[in-house]
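Biologist: I would like to learn how to read strands and aromatic rings in a model. Please take the features one at a time.

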Amino acid sequence: MKKCIYVVEDNPWIREIIEFLLIEELYEVRTCPNTNDFWFQMSKHLPDMVILDIMLPDGNGLDICNTLKRNIKTHDIPVMMMSANNHLNAVKAKCDAEDFINKPFDLNDFMNRVDKYLLN
């Protein structure tokens with residue numbers, strides 16, 4: 001059974017690139033352009049991993065991450081935070097995501113990070 005990844009990214013170009021890359025690696029992908037869409041998807045099905053942009057039009061990925069990590073049902077879902085801002089140490093101090101990656105990112109590095117959490 002395919003592992004399911006939710007990608008929460010407001011930039012349609014980045015969202016489509018990530019979706020294409022993950023589908024090529026045989027993951028099931030659900031994309032969300034904002035926090036409302038993400039929570040709607042979460043109410044229907046829990047993913048195996050969440051990839052979250054920090055800056056979103058109707059909220060922020062840090063809040064999503066913290067909510068996921070505080071909930072017993074979602075605590076163990078790996079979260080990868082993405083940001084175009086290079087202040088990752090400040091971001092790491094604000095949430096308990098498993099991984100953090102700067103945009104733009106190397107596609108091979110990105111896939112290696114995803115596989116690390118889902119290929120076990």
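Modeller: Start with Y6, which stands opposite R30 in strand 2. This is a predicted model, where local features need pLDDT of at least 70, side-chain atom pairs count only at pLDDT 80 or more, and totals for chains, interfaces and linings use all residues. Residues are numbered from 1 along each chain as its sequence is written, and side-chain values use heavy atoms, with hydrogens and water left out.

Biologist: How many bridges join strand 1 to strand 2?

Modeller: Two strands pair if DSSP finds at least two bridges between them. Helices (H or I, at least four residues) and strands (E, at least two) are DSSP runs, numbered from the N terminus. Here strand 1 and strand 2 (residues 28–32) run parallel and are joined by five bridges.

Biologist: How many aromatic pairs are there?

Modeller: Rings of Phe, Tyr and Trp (its six-membered ring) pair if their centres lie within 6.5 Å; planes under 30 degrees apart are stacked, over 60 edge-to-face, and the rest tilted. That rule gives three aromatic pairs. The Y6 and F38 rings have centres 6.1 Å apart and planes at 90 degrees, so this pair is edge-to-face. Y6 lies in strand 1 (residues 4–8) and F38 in helix 2 (residues 35–44), so the pair ties together parts 32 residues apart in sequence.

Biologist: Are Y6 and F38 buried or exposed?

Modeller: Buried means under 20% relative accessible area, exposed over 50%, and partly exposed in between (1.4 Å probe, protein chains only). Both Y6 and F38 are buried. Ring pairs also link Y6, F38 and W39 into a cluster.
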